[in-house]
Amino acid sequence: VAVLGLVLNLVTAVVLQHDDHDHDHNLKAAYLHVLADALTSVLAVLALLGAKTFGFLWLDPLVALVGAVMVQRWAWGLMQQTARVLLDRAAAPEIIERAKAALTKLEGAEIAHLTVWAVGSNKYAVRASVTATEHLSIDRARALLHETGDFRHVFIELQPPK
């Protein structure tokens, strides 16, 4: 049964294998789950062979602990990545700089306040307060942010010049 489980998990892992794991946490979770199942199948086969061949009955609980530690490490890493999105964590400094660069392309604009946070994998929300002349277009500011491909939810407030 463990060998059959291993074969099925390896086939599933091949099907789920993509380069997009950093962008799709659900796909990554499914992939890691299948890899964890494959690992525990390998460990179960080794423990059974060791117990049957050499009488090492202690192998079964040992490989169970090894498998648990591996699954825990993978799960912890995935939880850290997804928590950034689920908790609307502030975007990385380079993403914030991209938003600033896009908004500073507006003629006569000065950024009074800028907040950028993650709302998905490589998707960010922007709240900006821009001091500008009356000629500044909010639609133009949104378009500049959307051109980067990262900013999905954009709120821009125009303030009159001081």
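Mentor: Leu6, Asn9, Ala13 and Leu16 are the buried residues to look at in helix α1 of this predicted model. Viewed down the axis of α1, the buried residues fall within an arc of 95°, so they line one face of the helix. The face turned away from that buried side carries Val3, Leu4, Val11, Val14 and Val15, which are exposed. The length of α1 can be checked as well: it runs over residues 2-16, and at 1.5 Å a residue its 15 residues should span 21 Å. The end C-alpha atoms are 21 Å apart, which agrees.

Trp58 sits in the loop between α2 (25-54) and α3.

Helix α3 also holds Ala64. Ala64 counts as partly exposed because its relative accessibility is 47%, and a residue must be over 50% to count as exposed.

Next come the charged pairs. The structure holds 2 salt bridges. In one of them, the side chains of Lys100 and Glu97 meet at 3.5 Å, N to O. Both residues lie in helix α4 (residues 93-103), 3 residues apart, which is about one turn of the helix. Lys100 is partly exposed at 34% relative accessibility, and Glu97 is partly exposed at 45%.

Arg142 forms a salt bridge with Asp139, and their closest N and O atoms are 4.0 Å apart. Because Arg142 and Asp139 are 3 residues apart in helix α5 (residues 138-147), about one helical turn separates them. Arg142 is partly exposed, with a relative accessible area of 29%, whereas Asp139 counts as exposed at 57%.

Strand β1 (residues 110-120) and strand β2 (residues 123-131) run antiparallel and are joined by 9 bridges. His113 stands opposite Ser129 in β2. The two strands, β1 and β2, form a hairpin with 2 residues between them, and Asn122 in the turn has a positive phi of about 60°.

Note on methods:
Residues are numbered from 1 along each chain as its sequence is written. This is a predicted model: local features need pLDDT of at least 70, side-chain atom pairs count only at pLDDT 80 or more; totals for chains, interfaces and linings use all residues. Side-chain values use heavy atoms; hydrogens and water are left out. Helices (H or I, at least four residues) and strands (E, at least two) are DSSP runs, numbered from the N terminus. Two strands pair if DSSP finds at least two bridges between them. Buried means under 20% relative accessible area, exposed over 50%, partly exposed in between (1.4 Å probe, protein chains only). The expected span of a helix is 1.5 Å times one less than its number of residues. The arc is that of the directions from the helix axis to the C-beta atoms.
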